[in-house]
Amino acid sequence: MFHKHIAQSVACPRCQDPHEDALHLISNCSYAAQVWSSLGLPLPNSLDDLHQHPMIMGLDPNIWPSVALTITWKIWDSRNALIFRNEDHSHRTTIRNIVEDFSLWVFRFKKKEDNISAKQWLNFLSAAFH
């Protein structure tokens with residue numbers, strides 16, 4: 001964003017780390033770490049780690065890519081809300097937004113067993129919000 005003259009600094013707008021990059025945004029920032037922790041999920045150590053299912057008993061690893069995409073998208077969306085609209089979302093707001101978005105993603109799974117698995121993931125994510 002800084003290089004495109006949209007942001008005024010390369011520093012993270014949440015924690016002021018001097019070098020915000022993609023990994024910092026989705027994992028290393030204290031805000032992102034709080035989101036992952038509240039969801040009961042391990043922090044990705046690299047962008048490649050996002051593709052690795054966090055092996056949670058009873059949850060289908062085939063659904064994980066959609067879950068990871070939803071989490072990272074809503075962390076990014078929260079960052080943009082802070083930068084562009086001066087809205088400072090709490091980590092609980094971001095979790096609520098993750099749950100709301102993933103509840104819509106559930107409908108994209110047309111095969112019955114995938115839909116059931118996605119609903120199990122939704123229940124897992126929802127537990128962090130309640």
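## Salt bridges

A salt bridge is a side-chain nitrogen of Lys or Arg within 4 Å of a carboxyl oxygen of Asp or Glu. This is a predicted model: local features need pLDDT of at least 70, side-chain atom pairs count only at pLDDT 80 or more, and totals for chains, interfaces and linings use all residues. Residues are numbered from 1 along each chain as its sequence is written, and side-chain values use heavy atoms, with hydrogens and water left out.

The structure holds six salt bridges. In one of them, Asp 77 pairs with Lys 74, with the closest N and O atoms 3.0 Å apart. Both residues lie in helix H3 (residues 64–85), three residues apart; helices are DSSP runs of H or I, at least four residues, numbered from the N terminus. Asp 77 and Lys 74 are both buried (under 20% relative accessible area; exposed is over 50%, partly exposed in between; 1.4 Å probe, protein chains only).

## Partly exposed pairs

Glu 87 bridges to Arg 85 at 3.3 Å between the closest N and O atoms. Glu 87 is partly exposed because its relative accessibility is 32%. Arg 85, at 47%, is also partly exposed.

Glu 100 and Arg 96 form another salt bridge, at 3.6 Å between the closest N and O atoms. They sit four residues apart in helix H4 (residues 91–105), so about one helical turn separates them. Glu 100 has a relative accessible area of 41%, and Arg 96 has 34%. Elsewhere, shared partners join Lys 74, Asp 77 and Asp 101 into one salt-bridge network.

Notes. Helix = DSSP H or I, 4+ residues; strand = E, 2+ residues; numbered from the N terminus.
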